[in-house]
Amino acid sequence: MDLVFRARRVITPQGEIACDVGVAGGRIVAVEPRIDSPNVVHLADDEVLLPGLVDTHVHVNDPGRSEWEGFETATRAAAAGGVTTIIDMPLNSIPPTVEAAALEVKRKAAARVSVDVGFWGGIVPGNLADLKPLHEAGVFGFKCFLLHSGVDEFPAVTTAELEAALRELATLDALTIVHAEDAHTVRDSEPDYAGFLASRPREAENKAISDVVALTRKTGARTHVLHLSSSDALAILEAAKRESLPITAETCPHYLTFSAEEIRDGQTEFKCCPPIREADNREALWRGLRDGVIDLVVSDHSPSTAELKQGDFATAWGGIASLQLGLPAVWTGARDRGFQLTDVVRWMSTHPARQVGLRGKGAIETGKDADLVVFAPDETFVVDREKLHHRNPVTPYHGRTLHGVVRQTWLRGKETGTAQGKLLRRGEA
Ligand SMILES: [Zn+2]
């Protein structure tokens with residue numbers, strides 16, 4: 001055994017226990033009451049050992065828009081935030097990951113990474129023949145948009161095009177992830193927050209999610225709703241799950257933390273699509289997590305340059321950078337509402353890993369990778385953008401007091417900073 005972690009609080013699939021976690025060759029080889037070893041990492045009394053988080057929704061933007069974010073900075077931020085695996089979105093980088101050759105370009109750009117990195121492919125008009133080769137090259141699934149994506153080189157698909165893609169992907173048992181806002185319901189935004197919110201109403205999500213549910217029923221393909229903001233759609237998703245349709249949903253830390261009522265005009269660091277809605281909507285999303293209608297919480301880390309993020313709500317880039325802050329943000333909201341760390345680990349590590357088929361990630365149990373986080377859940381800190389490793393540390397969390405400090409992150413048995421991340425392919429990790 002190379003190393004043993006000894007803690008009074010360890011989050012395991014059986015719940016929170018006091019135990020030793022033995023590591024050899026980068027894997028967890030034993031979870032037992034006591035393991036004798038000369039190499040023991042003793043956790044302090046206020047620390048909890050968690051499995052590394054798996055963030056399946058990260059826009060790294062490299063190559064092509066690496067001034068927005070890059071693999072080195074994104075993965076350093078991930079490690080600092082307790083995230084040991086990210087899956088990179090297929091757009092905002094140039095070329096977008098919509099054919100196998102573009103995946104190789106991405107993999108070359110990701111030469112130096114501090115955590116493990118996998119990749120999503122993309123569905124765009126005209127690339128039906130590229131889906132199978134991309135799947136075979138190891139992408140974890142396929143993303144599409146039902147309205148303008150924000151970048152012209154990654155166009156939206158019609159429902160007819162999505163249906164054709166789902167039929168193809170059903171034969172491969174591949175996962176399709178959807179930005180679900182209806183193009184015909186969304187209007188041009190006004191410069192103020194109220195106008196922006198009204199331009200992307202709940203109905204746009206509700207309509208698009210209903211369409212995805214219908215296509216899931218029709219094709220039998222596995223689908224996933226990205227960044228759910230409209231709590232009205234929880235009823236649609238709940239009904240689909242009761243029907244046993246293969247559909248899942250995620251939400252993001254910002255929808256669980258902020259509310260429209262607190263966002264002032266000009267505070268474009270809060271702009272994201274779909275938008276942050278009212279406080280009652282936020283509370284309904286927490287109930288969706290409690291009831292299991294929402295399966296996972298991931299960052300949708302989508303930065304741009306500070307310059308593009310400025311202006312008004314009609315023109316600023318829509319995306320929130322939070323890769324380094326997701327764990328404390330969600331934990332802060334969760335503990336206020338009576339949830340436990342076991343819940344947060346289920347939403348942010350176990351379920352995302354399971355969803356993308358990462359068998360070696362997502363739990364502290366024998367056989368998994370020794371991706372571990374030493375977390376102090378009761379310590380508070382004030383978010384300081386200067387301490388974020390994101391390339392452009394513009395964030396609506398700046399100045400906010402959060403609970404939970406990540407003290408150490410370990411990747412396959414090595415502390416991050418000394419560890420080197422791997423590039424993952426579906427089915428191999
Ligand atoms: Zn996104």
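Predicted model: local features only at pLDDT ≥ 70, side-chain atom pairs only at ≥ 80, totals over all residues.

Me: What makes S11 and S12 count as a pair?

Reply: Two strands pair if there are at least two bridges between them. S11 and S12 have four bridges, so they pass the test. You can look at one spot yourself: Val178 stands opposite Val225 in S12.

Me: And what does S12 do with S13?

Reply: S12 is joined to S13 (residues 247-251) by three bridges, and the two run parallel. Here His224 has Thr248 in S13 as its bridge partner. Between these strands comes helix H7 (residues 233-242), and S12, H7 and S13 make a right-handed β-α-β unit.

Me: Why is that unit called right-handed?

Reply: Point the strands away from you and follow the path from the first strand over the helix to the second: if the path runs clockwise, the crossover is right-handed. The unit of S12, H7 and S13 is of that right-handed kind.

Me: Which sheet do these strands belong to, and why is it called open?

Reply: Six strands line up in the order S9-S10-S11-S12-S13-S14, with parallel pairing, and form an open sheet. S9 (121-122) and S14 stand at the edges with a single partner strand each, so one side of each has no neighbour in the sheet. S9 pairs with S10 (residues 142-145) over two bridges, in the parallel sense. With at least two bridges needed, that is enough to count as a pair.

Me: Now the zinc ion. What makes a residue a donor of the zinc ion?

Reply: A donor is an N, O or S atom within 2.8 Å of the metal. The NE2 atoms of His57 and His59 and the OD of Asp300 lie 2.1 to 2.2 Å from the zinc ion, so they qualify as donors. Along the chain they follow the spacing H-x1-H-x240-D. His59 sits in the loop between S6 (53-58) and H1 (71-80), while Asp300 sits in the loop between S14 (296-297) and H10 (326-336), so this pair ties together parts that are 241 residues apart in sequence.

Me: Are His59 and Asp300 buried or exposed?

Reply: Buried means under 20% relative accessible area. His59 has 4% and Asp300 has 8%, so both get the label "buried".

Me: How do you know that there are zero disulfides?

Reply: A disulfide needs two cysteine sulfur atoms within 2.5 Å. For Cys144, the closest cysteine sulfur is in Cys273 and 16 Å away, too far for a bond. Cys273 has its nearest cysteine sulfur in Cys272, at 6.7 Å, and is in no disulfide either. The count for the structure is zero. Both residues do fall under the 20% cut-off for buried: Cys144 has a relative accessibility of 0% and Cys273 has 17%.

Me: What makes one side of helix H3 its buried side?

Reply: The buried residues of H3 (residues 128-136) are Leu131, Leu134 and His135. They cover an arc of only 100° around the axis, which puts them on the same side of H3. The face turned away from that side carries the exposed residues Ala129 and Glu136.

Note on methods:
Residues numbered from 1 in each chain as written. Heavy atoms only, no water. Donors = N, O, S within 2.8 Å, 3.2 Å for Na, K, Ca; no water. Buried < 20%, exposed > 50% of the residue type's maximum accessible area, 1.4 Å probe, protein only. Arc of directions from axis to C-beta.
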